Amino acid sequence: KKPNQRLGGEMRIRFPKENVYSEKYQDDRYEYRHVIMDEATAQKVWMLTDFMSRLMPEKEWRAAGVDQQTRGWIHYEVHSPEPHILLFRRLLADPMDPAPATGPGTL
């Protein structure tokens, strides 16, 4: 069996050679992006999170190798059908509020 396939026939994952960062997209409140992890990064993330049983703070996902995005992104959801994809969001800046919309405690 190929090393990038989970055993048991549950799913087959095709990992990219390196992490792939999506373009940013948004709604009226948040800016979003997703990261398709390479196999090495996914293995680190899965070990840290007991195979995506919880969300990670920024310090953890950066230490695992997801490090090519600006500060302030929040890992906000686990999409179990695709455990090799991390979902991130950050609040859009409010033009009436000069304070940045990112930082500790920001959803």
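Predicted model: local features only at pLDDT ≥ 70, side-chain atom pairs only at ≥ 80, totals over all residues.
Biologist: Let's start with the rings. How many aromatic pairs does the structure hold?

Modeller: Six. To read a pair, look at the ring centres and then at the angle of the planes; planes under 30 degrees apart count as stacked, over 60 as edge-to-face and the rest as tilted. Take phenylalanine 15 and tryptophan 46: their ring centres are 6.1 Å apart and the planes sit at 55°, so this pair is tilted.

Biologist: And which parts of the chain does that pair tie together?

Modeller: Phenylalanine 15 is in the segment before strand E1 (20-21), while tryptophan 46 belongs to helix H1 (residues 39-49), so the pair links parts 31 residues apart in sequence.

Biologist: Are phenylalanine 15 and tryptophan 46 buried or exposed?

Modeller: Both are buried.

Biologist: Which residues form an aromatic cluster?

Modeller: Tyr25, Tyr30, Tyr32 and Tyr76 make up one. Tyrosine 30 also has arginine 89 over its face, 4.2 Å from the ring centre. Elsewhere, arginine 33 lies over the face of tryptophan 73, at 5.7 Å from the ring centre.

Biologist: On to the core. Which residues have the most contacts inside the largest nonpolar core?

Modeller: That core has 16 residues, and the ones with the most contacts inside it are Met37, Val45, Trp46, Trp61, Val66, Leu86 and Phe88. H1 and strand E5 (85-91) each supply at least two of its residues, and H1 gives the most, with three.

Biologist: What does valine 66 touch?

Modeller: Leaving out residues up to four places away in sequence, valine 66 touches Asn19, Tyr21, Val35, Thr41, Trp61, Leu86 and Phe88.

Technical notes. Residues numbered from 1 in each chain as written. Heavy atoms only, no water. Phe/Tyr/Trp six-rings, centres within 6.5 Å; stacked < 30°, edge-to-face > 60°. Helix = DSSP H or I, 4+ residues; strand = E, 2+ residues; numbered from the N terminus. Buried < 20%, exposed > 50% of the residue type's maximum accessible area, 1.4 Å probe, protein only. Lys NZ or Arg CZ within 6 Å of the ring centre and 35° of its normal. Core = buried A, V, L, I, M, F, W, Y, C linked by side-chain atoms within 4.5 Å. Contact = heavy atoms within 4.5 Å.
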